[in-house]
Amino acid sequence: MRNVELKNYRATEIVFNNKLENQGRVELGNTYSYNVSYSDGNVCKGVFSIEVFDKNAQKKFNVKVTVEGIFSFNTDLEKEKIHVATFKELFPYARALVVTITTNAGVPPIYLPNIDIEAQEIYRFEKNT
């Protein structure tokens with residue numbers, strides 16, 4: 001078995017607002033969160049949410065997606081390594097979803113920048129699902 005294996009994923013939230021009146025320059029910003037919850041055994045659920053928005057008109061232009069994945073993992077791994085590995089498995093699905101939504105909505109596609117999760121501090125809270 002690989003150290004971490006994605007068993008299933010799904011989008012749980014998709015929000016798109018494009019109420020900008022003029023199609024001038026848009027300055028994009030984003031916020032994201034990623035959490036992992038563990039159940040008994042070697043199964044966990046990762047939930048990744050990202051919102052991309054116009055910094056000057058956040059309520060008028062934004063895209064938000066939340067995806068969750070179910071993973072199995074090697075029980076010898078530290079939870080921080082599981083957190084990083086599951087993020088790396090799930091992020092491309094969220095990234096592709098944002099590109100698809102914006103492209104199909106008739107606006108220039110938004111490509112999320114890579115997120116270096118290993119450079120971020122990871123705060124771990126234990127909770128059972």
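**View 1. Four salt bridges in a predicted model.** The structure holds four salt bridges, each a side-chain nitrogen of Lys or Arg within 4 Å of a carboxyl oxygen of Asp or Glu. Please keep in mind that this is a predicted model, where local features need pLDDT of at least 70, side-chain atom pairs count only at pLDDT 80 or more, and totals for chains, interfaces and linings use all residues. Residues are numbered from 1 along each chain as its sequence is written, and side-chain values use heavy atoms, leaving out hydrogens and water.

**View 2. R10 and E68 form a salt bridge.** Their closest N and O atoms are 2.9 Å apart. R10 lies in strand β1 (residues 4-18) and E68 in strand β4 (residues 61-73), so the pair ties together parts 58 residues apart in sequence. Strands here are DSSP runs (E, at least two residues), numbered from the N terminus. E68 counts as buried at 13% relative accessibility; buried means under 20% relative accessible area, exposed over 50%, and partly exposed in between (1.4 Å probe, protein chains only).

**View 3. E27 meets K55 in a salt bridge.** The N to O distance is 3.8 Å. E27 sits in the loop between β1 and β2 and K55 in the loop between β3 and β4, so this pair links parts 28 residues apart in sequence. E27 is partly exposed at 40%, while K55 is exposed at 51%.

**View 4. Strands β2 and β3 run antiparallel.** Here 11 bridges join β2 (residues 28-38) to β3 (residues 43-54); two strands pair if DSSP finds at least two bridges between them. N35 has V47 of β3 as its bridge partner. Four residues separate the strands of this hairpin, where G41 takes a positive phi near 85°.
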